[in-house]
Amino acid sequence: MAATPFLAFDQVSKRFGPTLAVDDISLDIARGAFVALVGASGSGKSTLLKTVNRLVEPDAGRVLIDGADVASEPAPLVRRRIGYVFQGVGLFTHRTVGENIAMVPRISGAGRIAEERIGELLDLVELPRDIATRYPEALSGGQRQRVGIARALAGDSHLLLMDEPFGALDPITRARLGERVRALHEELGLTTVMVTHDMAEALLLANRVLVMEAGRIVADETPAALLAGAGGEAAQALVAVPRDQARRLGAAV
Amino acid sequence: MSDLLAALLGLGPQLADHILLSAAAVALGLGLALPLALWAARSRNVAGVALGFASLVQTIPALALLALFFPILLAARAVFGEGLPTLGFLPAWLALGLYALLPILRNAVTALTHVDAEALEAADGIGMTRWQRLRHVEAPLAAPYVMAGIRTASVWTIGAATLATTIGQRSLGDPIFAGLQTQNWALVLAGCIASASLALVADGLLGLVERGIASRRPMLAWIGAVLALAGLGAAAFAVAQPGSAASREVVKIGAKPFSEQYILAHAIGIMLEDAGYRVEYRDGLGSAVVHEAVTSSAIDISVDYTGTLWTNELGESGNPGREAMFDEIVNWEQRTSGTKVLGRLGFENAYGLAMEREKATFGLFNSIADVAERGQSMTIGGDPEWFERPEWQAVREAYGLRFANQRTFAPTFMYNALKSGEADVISAYTSDGRIAADDLVFLADPLEALPSYDAILLVSPRLADDPELAAALKPLIGAIDVQTMREANLMVDRDEDKRSVDEAARWLLDEIGAQPASTR
């Protein structure tokens with residue numbers, strides 16, 4: 001690991017009532033990494049992700065970006081520098097696609113952005129430029145999430161947080177969009193943290209896979225190491241699912 | 001039909017005032033509801049209290065709510081000084097504003113607490129501040145629902161504003177109340193048609209705005225808004241016309257809600273117009289409100305009755321006799337407010353207990369004492385006011401009156417109740433035209449429990465020292481005997497060959513030889 005990690009968790013804990021969702025996690029993430037957070041529902045992976053952009057405030061510990069505590073400045077300012085994509089997308093239904101994307105620079109006080117820039121962002125997520133004048137209700141689920149990603153990139157952020165971004169999409173759309181995100185990660189030099197419950201997706205897209213169970217990280221491996229049998233029981237149970245499916249498909253052929 | 005058309009065409013000023021009052025009330029409701037809704041959307045407790053309060057207000061009958069603001073404002077004078085108006089626009093505006101609160105508040109709170117959770121997460125996620133989230137996400141998403149609330153509130157308010165008439169605010173309720181009292185159905189219908197049409201038009205225009213917002217067609221919203229504002233502007237323009245701008249010069253004549261008061265108010269108006277004054281009528285004021293109105297110069301002239309003032313205003317309970325009571329009232333009015341009692345009109349409109357002649361003769365009921373002794377199985381009917389009046393207490397105690405039943409009727413229907421046997425004895429007015437028409441007799445009052453009720457003319461402090469006004473009204477003083485008044489009342493109240501209030505007033509003036517020079 002580098003001397004100053006790009007993103008660091010320092011003894012972070014978060015409790016919801018009797019449940020310890022995040023249990024004293026310390027973790028460093030290097031610049032340019034594509035990290036997948038994998039685990040069953042309720043394992044605390046979304047909660048951990050949201051402590052970064054302060055949609056969840058930890059009860060104890062700190063989260064540092066480039067060595068600076070995210071709690072040291074107002075939450076909106078922190079969030080404007082971080083791209084955030086989640087399963088629900090949350091497009092503003094009373095605004096056009098273009099206005100949804102333009103909202104990010106607008107609220108940061110950067111004023112209106114050029115139509116050209118909105119076009120570029122739509123290019124990035126492989127949407128036709130004329131979609132900018134349409135309203136979200138006229139789009140398919142996959143198109144909406146592409147707009148959500150374009151909006152997340154509109155603030156020129158270098159950190160992209162994704163919470164089950166493809167969870168509501170059909171398998172074909174899901175695979176295509178996953179590849180596109182992986183490509184964008186490379187093109188734009190992003191650091192990406194993606195929460196998913198799908199181990200296959202994690203293995204295909206990420207270069208580092210963290211497995212969470214009951215608020216703790218129980219495995220921290222590369223996809224290759226996981227496929228080679230590393231990471232322990234919980235991680236291997238998750239890896240077994242897609243491996244088993246692949247074997248059965250192979251046998252069927 | 002032509003009556004109805006004429007009545008409708010004469011409603012211009014009422015319509016203009018009605019529009020302005022309703023719009024101001026909805027604006028007040030909106031001004032209260034929006035900040036409350038924002039607060040309530042963030043706190044369950046505030047939401048509970050605010051919605052509870054608004055619902056409570058809604059359960060108060062609009063008529064009572066309007067009337068309640070009279071004593072409230074009277075009490076508020078301790079803080080804001082004597083200049084605070086207790087009648088007219090202010091209380092009507094406050095009461096209707098509270099009435100408009102609920103639909104707006106409920107829709108706004110519901111809309112704000114049900115804004116799509118994912119849109120809110122996205123708003124936070126891209127770094128909106130709370131204010132930005134409100135402005136860019138919550139407010140626009142809630143706007144169509146808030147607009148729907150404003151629309152509902154507007155329709156309610158336009159309907160309820162007709163009741164503003166009872167507290168001295170000109171509105172489309174004027175023809176409704178006057179028509180109901182004199183059973184002039186063309187007037188009632190005209191008032192109803194006008195206010196219902198106004199409600200429909202407002203609903204339609206605000207509906208355009210609502211649909212424009214909801215379906216993101218700004219043109220539609222603008223068309224609705226511009227047309228609604230144009231209507232408001234026209235109403236404001238009409239009210240601000242030089243005609244009513246010089247309202248200081250206008251003499252306002254008040255009337256309690258019954259035919260005799262309307263006739264006398266119009267007779268006074270005719271005399272004053274002939275003398276060069278411009279007059280405005282404040283018909284249908286609640287009778288508790290009239291005295292306060294004239295002594296505070298909210299209106300300028302009223303006809304009241306000595307017995308009423310004696311018990312209600314002076315707070316006296318004894319009966320000093322007719323002359324002493326009058327003298328005392330003249331002094332008291334002069335002393336306490338500077339209101340001038342111009343004189344007695346000549347007749348009494350006393351409260352008495354009346355029965356059908358046949359029933360009275362058959363049962364040998366000649367005096368109240370007879371009824372007290374042998375009439376315990378009978379039913380007494382009275383107008384809504386009667387059973388709350390000290391006169392009723394007094395007469396009941398003096399004779400030890402007891403009845404099997406006690407029923408309340410609108411004054412107009414009280415006589416029908418006597419005819420149909422729903423009541424055996426009623427509290428009647430001695431000057432009522434139906435006394436002779438229905439062949440009723442008054443029960444004698446040997447104990448003099450009921451005070452005298454001389455009709456007297458009161459002039460507000462503002463015009464108390466106007467000698468020309470006093471001179472113009474002098475022909476009315478001491479000139480109207482009870483037979484003449486009964487006959488004039490009957491003209492308006494009867495079902496056949498019904499006359500308008502104005503015709504009855506002119507007949508009355510003619511009868512007493514006081515008709516104005518112009519028609520002589």
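Helices α2(B) and α5(B) are oblique to each other, a word used here for angles left over once those under 35 degrees (roughly parallel), over 145 (roughly antiparallel) and 65 to 115 (roughly perpendicular) are set aside. This is a predicted model, in which local features need pLDDT of at least 70 and side-chain atom pairs count only at pLDDT 80 or more, while totals for chains, interfaces and linings use all residues. Residues are numbered from 1 along each chain as its sequence is written, and chains are lettered from A and ligands numbered from 1 in the order in which they are written.

**The helix pair in chain B**

Helix α2 of chain B covers residues 12-40 and helix α5 of chain B covers residues 89-113; they pack at an angle of about 40°, with their axes 6 Å apart. Axes are lines fitted to C-alpha atoms, for helices over the stretch in contact, and angles run from 0 to 180 degrees between N-to-C directions. The residues of the contact between α2(B) and α5(B) are 23 nonpolar, 2 polar and no charged.

**Sheets and strands**

Helices (H or I, at least four residues) and strands (E, at least two) are DSSP runs, numbered from the N terminus. Two strands pair if DSSP finds at least two bridges between them. Strands of a sheet pair through backbone hydrogen bonds, either parallel or antiparallel.

In chain A, 4 strands form an open sheet in the order β2-β1-β4-β5, with antiparallel pairing. Its edge strands are β2 (19-29) and β5 (68-69) of chain A, each of which pairs on one side only.

In chain B, an open sheet has 5 strands in the order β7-β6-β8-β5-β9, and its pairing is mixed. Strands β7 (405-408) and β9 (440-442) of chain B stand at the edges with a single partner strand each, so one side of each is left without a neighbour in the sheet. On average, neighbouring strands of this sheet are turned by 35° against each other, direction ignored.

Key
Ala, Val, Leu, Ile, Met, Phe, Trp, Tyr, Cys and Pro count as nonpolar, Asp, Glu, Lys and Arg as charged, and the others, Gly among them, as polar.
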